[in-house]
Amino acid sequence: MMNELTVNRIISLAALALIALPVGIACIILGFAMGDTPCILCWQERTAMVLVSLIAIFIMRYGLKPKYIGALIITAVYGLWAGYRHSSAHILRDIGQGFGPAIFGVHTYVWVIVVFAIILLFAGVLMLLQGDKLVEKSDSSEWSLLNKITVNVFLVIIGFNIVQAFTQTGPFPYIGQSDPVRMTFDSEKTIWSTANWPTLSKLSARGAYSIEKPDFASMTQNDATKVATSDELQLLKSVELPSDIFGLATGMSYNPQSKLYAVVTSNNWVYFLDDTLTSILAKVQIDAAFSAEISNLAGVTFDGETSVLVTADHKSFVRVEYDPSVKFDDTYGRFIEGTDGVRELKRSRFATVRAKYNYVANVGWDANTQEYLMVTLPDLKRNNFVVSRLSGKDYELNSEAIISIDVEQYPNVTGISVAGDKAYLLSHSGQQMLTMDLASNAVVTASDIAGLNNPQAMTVVNNNFAVLDATEGNNRVNFYQVQH
């Protein structure tokens, strides 16, 4: 167990280092000397450091008491959270990119994480060295020179921070800027902002990720998403899928070489069917919790004669292959239930840029470019209508483009199929088949589709459109003549 003097010196040095280095450097050197102004998140992190330093001064003065230790840990955890919150917006950017100045190549919001991690580690080691009992402070102990230096440095740096905060951020109700301008004492150039006060419409634990997940069973029609057209697809025939397909069918694809259909359902079942759509050749239920999380399956596309890529609404994917020689018992850990005949080839996630905040309900395969195509589902918060092209070789993003379409509101595209230089998009909300030119990313023609309740997928079969009309327990496929 350490004696009182040793504990006091350690705490004093720690408080001095914290207030003089990260807080002092940030305020005096980066701020007053270099003109760097803290953003609203920087102020939260700096405030947490100041509070930790203040708690350390209380420990210097009154001794190592449980209430001070508890307050220090709670404040450090808050500071650590603030650092992670700040870093999350920038840490995954391209190499060298960041926000604000970097120190030794690391930006200040990342240093915040390091600082508070060290504080928590320091508190833990200090407690371990106390043994079975905290050291008590005697009434006769003196306020040492080191203690006085620590307090005076604290007061000086707090003074500089008060000046910077008042002049650059302003008094209440001004709370700081998300993207601050250069520090200045010219009142005509300083900006005091209240724009970052939260409102009821913005309150969410997930921030920008508070986008409602799609419910494929309750998607609705919307005439505002219709493209003006006089064409209508002619129904050729309708085929009911086997009744033992479990769940709402959300994706379908066909391969003309192997004459296989693949169908997926929202509750993670993948089915391989014969070319009549009446016989299930093999089936498996994807284990959602194994490796990359995959749930609410949204689409499927053949990328080989017997291999398919299955995507979830959040762009996680799994590649599986139909192979009658595969035994289900050999696939344990990847599938929950199923039959023989299916193996998993790969499981991962697609990363996008323009489509980052949008869900998808489709996936297609362009054999000419060896790319997967996905079209975003628009959302009120992120009203994007983007086609993403992803490499079939390394599964990385090749390109993204905004789709040009003449409508009042963007449609919900639930199916996509590529043929030559065109991509056919199934508009659930408009009950239409849209033709997109792959070179210009523009919807050039449209055809109405009658008699559908819940169109969830489409594929091209023998120069006809096969459209999946999904109802749990009564999924059917309608065949329509392709308009040339």
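How many aromatic pairs does a search of the whole structure find? The search finds 19 aromatic pairs, where rings of Phe, Tyr and Trp (its six-membered ring) pair if their centres lie within 6.5 Å. The model is predicted: local features need pLDDT of at least 70 and side-chain atom pairs count only at pLDDT 80 or more, while totals for chains, interfaces and linings use all residues. Residues are numbered from 1 along each chain as its sequence is written, and side-chain values use heavy atoms, with hydrogens and water left out.

**Aromatic pairs**

A pair of aromatic rings is described by the distance of the centres and the angle of the planes. Planes under 30 degrees apart count as stacked, over 60 as edge-to-face and the rest as tilted.

| Pair | Centre to centre | Angle between planes | Class |
|---|---|---|---|
| Phe 350 and Tyr 372 | 6.0 Å | 45 degrees | tilted |
| Phe 385 and Tyr 410 | 5.2 Å | 20 degrees | stacked |

Strands (E, at least two residues) and helices (H or I, at least four) are DSSP runs, numbered from the N terminus. Both Phe 350 and Tyr 372 are buried, that is, under 20% relative accessible area, with exposed set at over 50% and partly exposed in between (1.4 Å probe, protein chains only).

Phe 385 is buried at 1% relative accessible area, whereas Tyr 410 is partly exposed at 28%.

Ring pairs also join Phe 317, Phe 350, Trp 365, Tyr 372 and Tyr 395 into a cluster.

**Charges over rings**

The charged end of Arg 46 sits over the ring of Trp 43, 4.8 Å from its centre. The charged end of Lys 237 is placed over the ring of Phe 479, 4.9 Å from its centre. The criterion is NZ of Lys or CZ of Arg within 6 Å of the ring centre and within 35 degrees of the ring normal.

**The second largest pocket**

Helix H1 (4-33), helix H2 (40-62), helix H3 (66-87) and helix H4 (108-128) each supply at least two residues of the lining of the second largest pocket. H4 gives the most, with twelve residues.
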